[in-house]
Amino acid sequence: MSQAQGATDARATDLDAAIVRGAEAIGAHVAGARAAIGEIIFGQQKVVDYALLTVLCGGHALLVGVPGLAKTKLVDTMGTVLGLDARRVQFTPDLMPSDILGSEVLDEDAHGKRSFRFVRGPVFAQLLMADEINRASPRTQSALLQAMQEYHVTVAGVRHDLPRPFHVLATQNPLEQEGTYPLPEAQLDRFLLQIDVDYPDREAERRILLATTGADEVKPRPALSSDDLLSAQRLVRRLPVGESVVEAILDLVRAARPETADKGFAEKIAWGPGPRASQALMLAVRARALLDGRFAPSIDDVAALAEPVLKHRMALTFAARSDGETLSGLVARLVERLG
């Protein structure tokens with residue numbers, strides 16, 4: 001073995017050891033954050049894990065569920081537990097883009113000189129809750145497009161950088177149809193995961209009753225700082241991914257596109273996921289491994305995250321919907337083919 005090759009191998013070994021040490025330290029912090037959120041949010045462990053996973057990836061999530069399932073409380077709790085500056089915007093039909101981004105106001109100094117000053121909107125937060133995002137007009141929804149993808153906004157031709165980390169957790173009520181505007185495909189694609197929030201089971205609902213109707217109210221406790229979270233996000237991108245997992249991600253995403261899917265599936269899919277879906281799965285499986293205390297993801301992680309990553313990035317044909325097909329069922333069959 002040459003001296004240069006030996007030095008390269010030594011550096012690789014040191015890097016692997018550093019990743020393991022970092023994963024162990026960050027994993028303990030993340031486990032503490034998960035436990036702290038679980039003290040406030042009952043019966044929604046999968047939802048909590050998906051929300052944490054989204055933030056670990058540095059992404060955004062769309063929470064879909066009927067009213068009263070603690071979606072708003074989850075976001076508020078995460079802001080405290082993760083040490084993030086959190087703000088909430090209630091989306092309504094009359095909400096304007098400037099209500100989110102901010103606007104320029106005309107100021108006059110003591111000498112009578114006038115100038116414009118930019119007043120920042122609520123988007124300048126580390127954790128933004130866009131509550132009932134589909135109730136605002138498409139014009140207002142589009143105000144978040146640049147922020148979610150490029151992490152800055154442009155107002156009056158001037159760029160304004162957003163704080164880091166920056167995450168959007170949006171909620172959507174699937175029952176309300178009056179006065180709602182479906183999110184366009186470009187906006188949906190910017191959400192790393194779609195998190196479906198279901199009703200809690202009986203035992204969890206019992207805990208909710210006892211914990212929320214008494215005289216004492218449990219408050220969330222901090223478990224991480226924003227710097228800790230940024231370190232965790234950097235570590236997620238350094239976790240190794242085996243070739244079999246990479247191939248499984250590519251097989252799954254390409255099988256969900258009508259252009260490259262098998263005939264039996266292609267005729268059911270109107271449009272499928274783009275490269276952002278592959279990127280989202282690649283990050284999400286790493287974050288799931290970290291949440292579970294593992295140093296590398298497996299194909300099981302790909303299977304577990306296929307639905308929340310793909311569901312909002314696909315659409316069924318009219319014929320498939322008429323036959324009773326669902327996106328969840330279709331994705332489940334695609335996952336079975338991974339073997």
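Mentor: Start with glutamine 126. Glutamine 126 sits in the loop that links strand 4 (114-120) to strand 5 (127-131). Keep in mind that this is a predicted model. The mean pLDDT of the protein is 86, and 92% of the residues score at least 70.

Is glutamine 126 buried or exposed? Glutamine 126 counts as buried, because its relative accessibility is 13% and the cut-off for buried is under 20%. Now look at what surrounds it. Set aside the neighbours within four places in sequence. Glutamine 126 then touches Gly83, Leu84 and Asp85, among others. Its contacts also include Pro163, Arg164, Pro165, Phe166 and His167. Ser226 is on the list as well. For aspartate 85 there is a distance to note: its backbone nitrogen is 2.9 Å from a polar atom of the glutamine 126 side chain.

Take the contacts one group at a time. Gly83 is one of the contacts of glutamine 126. Glycine 83 follows helix 3 and has a positive phi, near 70°. Helix 3 itself spans residues 71-81. Its buried residues are Lys71, Leu74, Val75, Thr77, Met78, Gly79 and Val81. Note that a lysine, Lys71, is among them. In general, an α-helix has 3.6 residues a turn, so residues three or four places apart point the same way.

Next, the proline. Pro165 and Arg164 both touch glutamine 126. The peptide bond running from arginine 164 to proline 165 is cis, and its omega is near -5°. Proline 165 lies in the loop between strand 7 (158-161) and strand 8 (167-172). His167, another contact of glutamine 126, falls within the range of strand 8.

Now step back along the chain to the backbone ahead of that loop. Two residues there deserve a check. Tyrosine 151 is not a glycine, yet its phi is positive, about 60°. Tyrosine 151 lies in the loop between helix 6 (145-150) and strand 6 (152-155). Alanine 156 is not a glycine either, and its phi is positive at about 55°. Alanine 156 is in the loop between strand 6 and strand 7. It counts as exposed, because its relative accessibility is 59% and the cut-off for exposed is over 50%.

What does leucine 106 touch, leaving aside neighbours within four places in sequence? Arg114, Ser115 and Phe116. Leucine 106 belongs to strand 3 (residues 102-108). Leucine 106 counts as partly exposed, because its relative accessibility is 48%. Aspartate 161 is 55 residues away from leucine 106 along the chain, and their C-alpha atoms are 22 Å apart.

Finish with a helix pair for context. The axes of helix 10 (residues 243-255) and helix 12 (residues 275-291) come within 10 Å and cross at roughly 140°. That crossing is right-handed. From helix 10, Val245, Val246, Ile249, Leu252 and Val253 take part. They meet Ala277, Ser278, Leu281, Met282 and Val285 of helix 12. By class, this contact has nine nonpolar residues, one polar and no charged.

One last point on confidence. Helix 13 has the highest mean pLDDT among the elements, 94. Helix 1 (residues 3-38) has the lowest, 68.

Methods: Residues are numbered from 1 along each chain as its sequence is written. This is a predicted model: local features need pLDDT of at least 70, side-chain atom pairs count only at pLDDT 80 or more; totals for chains, interfaces and linings use all residues. Side-chain values use heavy atoms; hydrogens and water are left out. Helices (H or I, at least four residues) and strands (E, at least two) are DSSP runs, numbered from the N terminus. Buried means under 20% relative accessible area, exposed over 50%, partly exposed in between (1.4 Å probe, protein chains only). A polar contact is a pair of N or O atoms within 3.5 Å; within protein, one must be able to donate a hydrogen and the other to accept it, and residues adjacent in sequence count only if both atoms are side-chain atoms. Contact means heavy atoms within 4.5 Å. pLDDT is the predictor's confidence in each residue, from 0 to 100. Axes are lines fitted to C-alpha atoms, for helices over the stretch in contact, and angles run from 0 to 180 degrees between N-to-C directions. A crossing is left-handed if the near helix is turned anticlockwise from the far one by less than a right angle, and right-handed if clockwise. Ala, Val, Leu, Ile, Met, Phe, Trp, Tyr, Cys and Pro count as nonpolar, Asp, Glu, Lys and Arg as charged, and the others, Gly among them, as polar.
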